[in-house]
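Open the model in your viewer and keep the selection panel at hand. The tour goes from one selection to the next.

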2 protein chains.
Amino acid sequence: MNTASGSPELIDKFVEFLKSKKLRKTPERFALLEYIATVPGHFTLDMMQQHADESGFHVSRATIYNTVNLLVEARMLRRHDIEGLPTQYELASTPPHSHLICTTCHKLKEVRDKYFIAFMNTRKYNAFNTQYYSHYVFGTCSTCARKRKRNAVTTKKK
Amino acid sequence: MNTASGSPELIDKFVEFLKSKKLRKTPERFALLEYIATVPGHFTLDMMQQHADESGFHVSRATIYNTVNLLVEARMLRRHDIEGLPTQYELASTPPHSHLICTTCHKLKEVRDKYFIAFMNTRKYNAFNTQYYSHYVFGTCSTCARKRKRNAVTTKKK
DNA sequence: TTTACTGCAAATATTTTGCAATATC
DNA sequence: GATATTGCAAAATATTTGCAGTAAA
């Protein structure tokens, strides 16, 4: 069965990968792929499970892990282990971007820094064959900066 | 007690942090700091524990976690969660660098890309107050590339 | 003397694995 | 029909927490 009807390129790529590894095309795998194809940015395992359950097709945690690991191996999915956040995944086909991470509230924001992207396209590391990169910028987001300032003022007033 | 005699700046910074938070200067904390000060690159919690045990001063896992978390909060230590590797730590005072990570053997290599560093110094993200960044470049290292090529040749010969 | 810290063990969280039943090929 | 996959539960791993004894201030 194939339920991921909305994303032919992803399906084709996954099918090809499964064939090459002599793995099976199970409904669970395609149901999860369908969800992945619809999410614009990052998502977690919990989100995948929740979506599957909500759409009336329960998929076990073990199978979700299995599928996600296959998709990572197939280079269709990328994994982000970021301190303070549950493991995040995103489609490898997402255009390159940087991640701004607030060290106070741990919120994550994607930004397209076109100068950075262009610059990175010029970088080569001698004997290393680059596939992709992850860029995390840590700092304080405007909301947390505002809160901190407010608290500082309050303290002074005392 | 203060055993981290070899790194006065680090000690001072940690002491100041502990004071500001009304925390105590325990021998365990300084013993771990001393180790950290001597490691050139990345290290893991296991390495810290092993070193402590070898030097005859056992420190419990809970205390190591506690200390490491304090040092991260004090911005003296940075944490790297990299897929396929145990959580890595490194001194925040280490000069900026990029990480090359082989997606096959999971080996990590630090490189100083001075053009990248210079470029990053020009980047600003509007309402975001940048503290530091992490740059991970994923790909195939020369060793794994060679192995793959060799296997391909072997397969052809059959 | 007050109370934060340590060590240990238990608790929690996350991911992997073993196995019987099932479904793909 | 052969065997890969699923779901569940148990195991393995990583980190945090509760608590009683200890030590820093």
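How many residue pairs are in polar contact across the interface of chain B and chain A? The rule finds 19, both residues at pLDDT 80 or more; a polar contact is a pair of N or O atoms within 3.5 Å, within protein one able to donate a hydrogen and the other to accept it, and residues adjacent in sequence count only if both atoms are side-chain atoms.

This is a predicted model: local features need pLDDT of at least 70, side-chain atom pairs pLDDT 80 or more, while totals for chains, interfaces and linings use all residues. Residues are numbered from 1 along each chain as written, chains are lettered from A and ligands numbered from 1 in the order written, and side-chain values use heavy atoms, without hydrogens and water.

Select B:Arg123 and A:Asp113. Their side chains form a salt bridge, 3.0 Å from N to O (side-chain nitrogen of Lys or Arg within 4 Å of a carboxyl oxygen of Asp or Glu).

Next, select strand 5 (129–140) of chain B (strands are DSSP runs of E, at least two residues; helices are runs of H or I, at least four; both are numbered from the N terminus). This strand gives the most to the side touching chain A, 12 residues. Show strand 5 of chain A too: the two run antiparallel, joined by 11 bridges. One to pick out is A:Tyr132 with B:Phe138.

Now move to DNA strand D. Zoom in on A:Arg24: a side-chain N or O atom is 2.9 Å from a base oxygen. At A:His58, a backbone N or O atom lies 3.2 Å from a phosphate oxygen.

Definitions and conventions
Pairing = 2+ DSSP bridges.
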